[in-house]
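Student: I have a model open and would like to go through it with you piece by piece. Could we begin with how the helices pack and then move on to pockets, rings and backbone?

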Amino acid sequence: MDGAGRPARSLRSLGPQADLKAAAVGAVVLLRRRLGRHARVSARPAIDRTPPNRLVLWLERHLPNRLGVGLTVLMLLGSGALGIVKGGHVDELMKALDDSRNALANSAGFRISTVAINGRRQLSQDEVLAIGGINGRSSLLFLDAATVRGKLKANPWIADATILKLYPGRLQIDIVERTAFALWQQGGRLAVIADDGVVLEPYLSRRFVTLPLVVGKGADAGARDFLALLDRYPQIRSMTKAAIFVGERRWNLRLTDGLDVRLPENDVGNALAMLSRLEREDRLFSRDIVAIDMRLPDRLTVQLSEDAAKAREDLLKDKKTRKKAGDA
């Protein structure tokens, strides 16, 4: 009997029933879990995914995983470079990079401490360095001698240049300067030229006032040969104010007293020799004339001044009157 007065059952007799009940409860739990899982999966909303492009599928399958990151970085770098180019900042970027590497080289002991410039006469040392693009930030290690030489030769005053880099900090520059040879007037502008016709600078300084003057198109290129020929006749050269190149084929002389001498296109040397002889023997330039025409090979023609022409006309009239009176 149990405490309630009910007959007591032995634990052994209840064992199989308890096992069956426990098994049934476990089966129901497993079934509920399985059914519940399927229900949750089917309850999820379906996502309608568009099938990817074949090219995308091929790239995802064959390209390395990190290649996309690399391509993205390259695209960003390319966009930055394009922005620099379109914004006109290329020169600023290159200058900044150049200054950075020069600073590193200078800190390593390659600073330019000594500069020797040989052959300069017209240009100062500071002007030569500025023309060559050399400043206090430049380092000898990264100084491009060919670039410096090219910049120097681009200046009209410098005909040639040699650049020597003497490590660790010495720079030697040897230049060959052009010499001011003549003044050239063309189109209302006056410039100083070298003997090879190179325009050195506009005529601004009075120190070039004593140079010979050549005028006209092409006179810059032909001045050296013509003035060398004119130097053979110092009397004419000393009286010449300007040499005028006419039609890019022949020369005229404008003398200091305003007399014009029209030289021939050919045999200029013989014409100058004759002119020098006439001046020496007959004082031709002292006559009352305004022009001497030597363009024809077999004759020399002079043009009288207005006063001289009038005096000559009056003289001829007087001679005619006297002749008529004598005939009468």
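Student: What do the axes of helix 5 and helix 6 do, and at what angle do they cross?

Tutor: Bearing in mind that this is a predicted model, the axes of helix 5 (residues 125–132) and helix 6 (residues 145–153) come within 8 Å, and they cross at roughly 115°. Those are the two quantities to quote, because two packed helices are described by the angle between their axes and the distance between the axes.

Student: Which residues of helix 5 and helix 6 meet?

Tutor: From helix 5 the residues are V128, I131 and G132, and they meet V148, K151 and L152 of helix 6. By class, the residues of this contact divide into 4 nonpolar, 1 polar and 1 charged.

Student: Switching to pockets: what volume does the largest pocket have, and which residues lie nearest its centre?

Tutor: Its volume is about 320 Å³, and of the 17 residues that line the largest pocket, D98, G133, S138, L143 and K151 lie nearest the centre.

Student: On to the rings, then. How many aromatic pairs does the structure hold?

Tutor: There are 4 aromatic pairs in the structure. One of them is formed by F110 and Y167, an edge-to-face pair with 6.1 Å from centre to centre and 85° between the planes. Because F110 lies in helix 4 and Y167 in the loop between strand 2 (158–166) and strand 3 (170–177), this pair ties together parts that are 57 residues apart in sequence.

Student: How accessible are F110 and Y167, then?

Tutor: F110 has a relative accessibility of 25% and so counts as partly exposed, and Y167, with a relative accessible area of 47%, is partly exposed as well. F226 and W251 form another aromatic pair, which is stacked, with 4.4 Å from centre to centre and 10° between the planes. This pair links distant parts of the chain, with F226 in helix 7 (residues 219–230) and W251 in strand 9 (residues 250–255), 25 residues apart.

Student: Are F226 and W251 buried or exposed?

Tutor: Both F226 and W251 are buried. Together with F245, these residues form one aromatic cluster.

Student: Now the backbone: what kind of peptide bond joins Y167 and P168?

Tutor: Y167 and P168 are joined by a cis peptide bond, with omega at about 10°. P168 is placed in the loop between strand 2 and strand 3, which is also the loop where Y167, the ring partner of F110, lies. As background, most residues other than glycine have a negative phi, and most peptide bonds are trans.

Student: Then which phi values do E248 and R283 have, and where do they sit?

Tutor: E248 has a positive phi near 55° although it is a residue other than glycine, and it is placed in the loop between strand 8 (240–246) and strand 9. R283, which is not a glycine either, has a positive phi of about 50° and lies in the loop between helix 9 (268–282) and strand 11 (289–293). E248 counts as partly exposed at 46% relative accessibility, and R283 is partly exposed with a relative accessible area of 47%.

Student: Last one: what does A182 touch, leaving out residues up to four places away in sequence?

Tutor: A182 lies in strand 4 (residues 182–186), and with that exclusion it touches A191, V192, I193, L211 and P212. At 0% relative accessibility, A182 counts as buried, since the cut-off is under 20%. A182 and V214 are also 32 residues apart in sequence, yet their C-alpha atoms are 7.1 Å apart in space.

Technical notes: Residues are numbered from 1 along each chain as its sequence is written. This is a predicted model: local features need pLDDT of at least 70, side-chain atom pairs count only at pLDDT 80 or more; totals for chains, interfaces and linings use all residues. Side-chain values use heavy atoms; hydrogens and water are left out. Axes are lines fitted to C-alpha atoms, for helices over the stretch in contact, and angles run from 0 to 180 degrees between N-to-C directions. Helices (H or I, at least four residues) and strands (E, at least two) are DSSP runs, numbered from the N terminus. Contact means heavy atoms within 4.5 Å. Ala, Val, Leu, Ile, Met, Phe, Trp, Tyr, Cys and Pro count as nonpolar, Asp, Glu, Lys and Arg as charged, and the others, Gly among them, as polar. On a 1 Å grid over the protein atoms alone, a cavity is a set of points where a 1.4 Å probe fits but cannot get out, and a pocket is an open set with protein on both sides within 12 Å along at least five of seven lines; lining residues have an atom within 4 Å of a point. Grid points are joined across faces, edges and corners, and a volume is the space filled by probe spheres set on the points. Rings of Phe, Tyr and Trp (its six-membered ring) pair if their centres lie within 6.5 Å; planes under 30 degrees apart count as stacked, over 60 as edge-to-face and the rest as tilted. Buried means under 20% relative accessible area, exposed over 50%, partly exposed in between (1.4 Å probe, protein chains only).
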